Amino acid sequence: MGFYRIAKTFEVEYAHRLSKHPERCRFPHGHRLRIEVVVRGRALDDNDMVCDYKALKTLVLELVEELDHGLGVSSDDPHRLMLEEMSERLLVFEGVDPTTEVLVKRLFDEISGRLTPGRKVVTPSGVTYTVPQGLQLERVRVWETSTSWAEYTADAG
Ligand SMILES: [Zn+2]
């Protein structure tokens, strides 16, 4: 038996600094991230959908907004305090540099924590959706540039 997959894509302006990087990535710099969220389900809901795109968008958008114009740094970054003074939107990653791999895993965990079946989602227009039973987060992919991405995928099965 197969399953359906649907995807929603988000774009956001984001900066980071990779404190351990031997080359230019150790300097604070920005990316326009493209974030693809893929979910799957074996059955369609009462509206004949895997999950309404609006519901998916509402659930993920809050997390994407946290990244918007944020600056990702490691908690161990020797310049952390100085960067904290520069940006109120510092995104601290505990003990790791905010590589695309680290970011995509963080997003995967956060999104999967929100996609709990039965959860009510109220869209900005005031419509309430319910996360369908059996809905699963399959993968999140983050494009850091037009030629580079990192992905975190759920276990098969
Ligand atoms: Zn970078």
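## Arginine 106 and its helix

Arginine 106 sits in helix H3, which covers residues 100-114. The structure shown here is a predicted model.

Is arginine 106 buried or exposed? Count its C-beta neighbours inside 10 Å: there are 20. A residue is buried if 20 or more other C-beta atoms lie within 10 Å of its own. Arginine 106 therefore counts as buried.

Valine 140 lies 34 residues away from arginine 106 in sequence. In space, their C-alpha atoms are 9.9 Å apart.

## The sheet

Now look at the strands. An open sheet is built from 6 of them, in the order S4-S3-S1-S2-S7-S8. Their pairing is mixed.

Which strands stand at the edges? They are S4 (90-93) and S8 (148-153). Each has a single partner strand, so one side of each is left without a neighbour in the sheet. From one strand to the next, the twist averages 35°.

Strand S3, residues 70-74, pairs with S4 in the parallel sense, over 4 bridges. Glycine 72 has leucine 91 in S4 as its bridge partner.

## Helices on the sheet

Helix H1, residues 53-67, packs on the sheet. H1 touches strands S1 (4-16), S2 (29-41), S3 and S4. The direction of H1 makes about 15° with that of S1.

H3, the helix that holds arginine 106, also packs on the sheet. Which strands does H3 touch? They are S2, S3, S4, S7 (136-145) and S8. The direction of H3 makes about 150° with that of S7.

How values were computed. Residues are numbered from 1 along each chain as its sequence is written. This is a predicted model: local features need pLDDT of at least 70, side-chain atom pairs count only at pLDDT 80 or more; totals for chains, interfaces and linings use all residues. Helices (H or I, at least four residues) and strands (E, at least two) are DSSP runs, numbered from the N terminus. A residue is buried if 20 or more other C-beta atoms lie within 10 Å of its own, exposed if 12 or fewer, and partly exposed in between; C-beta atoms are placed from the backbone. Two strands pair if DSSP finds at least two bridges between them. Axes are lines fitted to C-alpha atoms, for helices over the stretch in contact, and angles run from 0 to 180 degrees between N-to-C directions. Two residues are in contact if their C-beta atoms, placed from the backbone, lie within 7 Å.
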